[in-house]
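Colleague: I have a model open and would like to learn how to read it. Could you take me through some features?

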There are 2 protein chains.
Amino acid sequence: MGWMKDETGLDKCAANHVPLTPLSHLARAARVFPEREALVHGPTRLNYREYHARCSRLASALAARGVAPGDVVATVLPNVPAQAEAHFGIPAAGAVINTINTRLDPDTVAYILTHGEAKALLCDTQFLPMAEAAVERMEGDPPLLIECPDAHAGHPATGRHPDYETLLSEGDPGAAWRMPEDEWESLALNYTSGTTGRPKGVVYHHRGAYLMTMGTVISWRMTLFPRFLAIVPLFHCNGWNHTWMMPAVGGAVICCRDITAKAIYDAIADEGARYFGGAPIVLNMIVNADGADRRGFDHTVEVFTAGAPPASATLSAMEDLGFNVTQVYGLTETYGHVTECLWNDDWDSLPSAEKAAIKSRQGVLMPMMEDITVVDDGMNPVPADGETQGEIVMRGNSVMKGYLKNPEATRKAFVGGYFHSEDIAVRHPDGMMQIADRAKDIIISGGENVSSVEVENALMLHPAVFLCAVVAKEDDKWGEVPCAFVELKPGAEATGDELISFVRERLAGFKTPKRVSFEELPKTSTGKIQKFLLRKRASEL
Amino acid sequence: MGWMKDETGLDKCAANHVPLTPLSHLARAARVFPEREALVHGPTRLNYREYHARCSRLASALAARGVAPGDVVATVLPNVPAQAEAHFGIPAAGAVINTINTRLDPDTVAYILTHGEAKALLCDTQFLPMAEAAVERMEGDPPLLIECPDAHAGHPATGRHPDYETLLSEGDPGAAWRMPEDEWESLALNYTSGTTGRPKGVVYHHRGAYLMTMGTVISWRMTLFPRFLAIVPLFHCNGWNHTWMMPAVGGAVICCRDITAKAIYDAIADEGARYFGGAPIVLNMIVNADGADRRGFDHTVEVFTAGAPPASATLSAMEDLGFNVTQVYGLTETYGHVTECLWNDDWDSLPSAEKAAIKSRQGVLMPMMEDITVVDDGMNPVPADGETQGEIVMRGNSVMKGYLKNPEATRKAFVGGYFHSEDIAVRHPDGMMQIADRAKDIIISGGENVSSVEVENALMLHPAVFLCAVVAKEDDKWGEVPCAFVELKPGAEATGDELISFVRERLAGFKTPKRVSFEELPKTSTGKIQKFLLRKRASEL
């Protein structure tokens, strides 16, 4: 390998080797452009000096409250400044940030708090009842609960817990940050619904998040001082790492607490937002906005969309409105997006149907990834013929460390030296990938991943249910919704509404089937349910 | 530190940890935009597929000729396609690229070839006589000499050595690259004139070059598909790593073999060049170009300049012509630039003298660096008062591994966990650094570093010279030229012209004093020559 004959004295030292971490971006931003706007939420405007100082306060206050390096600190927060600050302040205490989906049910959150062993929990006032219920149901020591009110958004403090600003006031704005000594240290913990019933804890390393931010700058054609609208919840893959990226480019994060067409148009027109990511449902919202909510703007807004290919009509409408939409693809396990439908200007003149067909591809690997390809069962790349299907596998620096306390699942995910996405795709002759059949079990509803197995497990708890399968059904509003096929036990009785209510008591609303059909399930000779047939059936219901 | 309580199974593996290397950029570019133009030189135009294939040929041909991983392969090349290809093809063989300054004298090149133990040498036909003389004078096994003709530029092959295209034809365009197994492996060897007589071999690691390219994209506000004019010789810090950066952003490298105002204007007007780096002498050349050489263009050209602060009049003239000039600062030891005079749009409305005063600062740390500051003898940062002087020290990921076979110099350079630049600067209240007194001994002539000690050593070889000191003298054309102060031995005689000719026989033209003054040298009580007084004297001559 590339070691010279004599490398005496050429070792790593403090001067020439600094562990990669996104914390460095904010530390530098506070030095290099302290006065520049960093964080905007309603009437709140913080520059980089203030942003950095508040993160220092958070880090030192958490440490004073007993949070030690390697501990987990969870959040149940929408996209508000506290959530952005948590992304720096928690790791600056050497701790691991665990952003929890605000829409989850208390049982699942209790599982996450128990499994992750969170020492503290920052919770928005709106979601406090859910968090309190979760803390009550969890096992082990309950976390220190810190309430994060948002009075401007109509959620003033309840006073039931120490509040966030009080916590910050306990901290030191000039406290030194605990930077990683090894870039492989853990930075974040993100629970994915995955394909099994129980969420798995995906662990990110500092190195991966740093490189994710640097690669994204290139792919998003981002130059210094962008104005970025945070729509993708930071509890999804840490918002695709965009909040960690912003200080590297001196950008402003404009918080989007409630995702409405009006909020988005206003942020574009009033705050000059030029970049955001969002699921196709967000694009639909923009395209179908009421006239009163629409605003004019004269810059192009760069949009990353993921979760499902944007529909052709949506794409055309978005472009007419001044948005440039790029589909990206990734998973929780890959810090968010790792492929992009990289556009070639030669295609500008194609008919819009052909353009939309290209834009519906998941595309090519982003700069921080080393290899992403589609392979057969023997790990051989499938022919680039646009027809042969295989599994998307990937290798690169924005791939998770693994699943927390689940070495067996980690080992399986990394078989053959590649991360296995479980997504089925084809390779086009030009090198682009296109997902042919989304991971069998996942339903993406309103941008949220729903594990069909989890819903099936809930249904199976009903005494009348003999067998069931849940698949995605296309839906104009949500993209997809869960649709259940059920075989009842002989002689047992239940209505669809009854089963829906039953599941609703146990799972979040977005996981609840919107439709239940009672019929015999199609099975293979070995008894495996043929979901592909059920998906077809669902589209006919 | 940030290790979780249970990290079982969360180790690095092939799927989630890939050694950082700029080689990945070109490998990806060939996959992602194979048809896009990559390399332009006169009538030569290569796309990324071709560029990659030629680098694969080079790597496999060198390996077949006996170049092993860790071996050094040297180049004596101007900015031509072979030099760009060498930057990927040599490391793709696991070897270390050693770009040698084409303007050096044969003795110095013989020293470099001996010290670096080059196994092969790619040499442009124009510089073949120098290289042949160097190989003749070197110790140890001579390198395999490959001639790189450039017939279009008037340098057809002599036929005295195997030529470059023949070498490539021996290689395999589909050969697998030998990627680093550890990102700390050596990538490049760059000899610096330093402050001592003999050049020191600065060793770069793959990680540093990768991170240098990613940080530079941000600082240079570079978006996908830039057109870049390679003016800074690739034998200076590998052209500030810009050639390694280009495939990351799908850019085209437009080679500039002979740096003339006409060549630069033509590249801007005909090739759409938008980015280049160059010493202030290049800016002067552009500003003072003959009317016939000037071309109109309607885009802004982004210029990085380094070596000395650009003069106020030059800056204004450049801006009027459509160039935006940013001063950057760095050293061979830091892969090139590590600070930038980061502009704040608030300053746009300042009077041009004030703008020029700001632009003359070396600025703030670039994104890939962790800390750059100015310290006193006790390693404490000096006050940010714009007056107190100290040494610039730095810490970050684009700092060299150290000096080859010189652990003592490496140790000294890294004392206290920082790289010591030996440049003296002040810190302004806004955080920007400004160099107050360039490293005492270095003369920068036409963008080339000249070690005064090396020139002094040459003068001292003359039998009549008793004592001498060489300092920089300002020069309208070259920025600075060496100026010698000499005390002759008692009774000995020599003229200035005689001494100039004497040095010229031993050193490159740009290192030869342009002026010699015979006088008693000012000394401290301990006998140290007071060069600061001589610099003042030189300005009066």
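This is a predicted model: local features need pLDDT of at least 70, side-chain atom pairs count only at pLDDT 80 or more; totals for chains, interfaces and linings use all residues.

Colleague: How many helices and strands does chain A have?

Modeller: Helices (H or I, at least four residues) and strands (E, at least two) are DSSP runs, numbered from the N terminus. Chain A has 17 helices and 25 strands. Its C-alpha atoms fill a box of roughly 70 × 60 × 60 Å along the principal axes.

Colleague: What does the radius of gyration of chain A agree with?

Modeller: The radius is taken over C-alpha atoms, and the globule rule is 2.2 Å times the number of residues to the power 0.38. For 541 residues a compact globule would have a value near 24 Å, and the 23 Å of chain A agrees with that. Of the 541 residues in chain A, 58% are buried; buried means 20 or more other C-beta atoms within 10 Å of a residue's own, exposed 12 or fewer, and partly exposed in between, with C-beta atoms placed from the backbone.

Colleague: How is a pair of packed helices described?

Modeller: By the angle between their axes and the distance between the axes. Axes are lines fitted to C-alpha atoms, for helices over the stretch in contact, and angles run from 0 to 180 degrees between N-to-C directions. In chain A, α12 (residues 312-321) and α13 (residues 352-359) pack at about 105°, with axes 9 Å apart. These two helices of chain A are therefore roughly perpendicular, the word for 65 to 115 degrees; under 35 is roughly parallel, over 145 roughly antiparallel and the rest oblique.

Colleague: Which residues of α12(A) and α13(A) meet?

Modeller: A:Ser312, A:Leu315 and A:Ser316 meet A:Ser352, A:Ala353, A:Ala356 and A:Lys359. Contact means C-beta atoms, placed from the backbone, within 7 Å.

Colleague: How many residues of α11(A) are buried?

Modeller: Seven of the eight residues in α11 (residues 280-287) of chain A are buried. They pack against elements of chain A including α10 (261-271), α12 and β24 (479-488).

Colleague: Is B:Gly250 buried or exposed?

Modeller: B:Gly250 counts as buried because it has 22 C-beta neighbours inside 10 Å. B:Gly250 lies in the loop between α9 (242-245) and β10 (252-255) of chain B. Beyond four places in sequence, its contacts include B:Ala29 and B:Phe225.

Colleague: How many residues of chain B are in contact with chain A?

Modeller: 64 residues of chain B are in contact with 63 of chain A. The largest share of the chain B side, four residues, comes from α1(B).

Conventions: Residues are numbered from 1 along each chain as its sequence is written. Chains are lettered from A and ligands numbered from 1 in the order in which they are written. Two residues are in contact if their C-beta atoms, placed from the backbone, lie within 7 Å.
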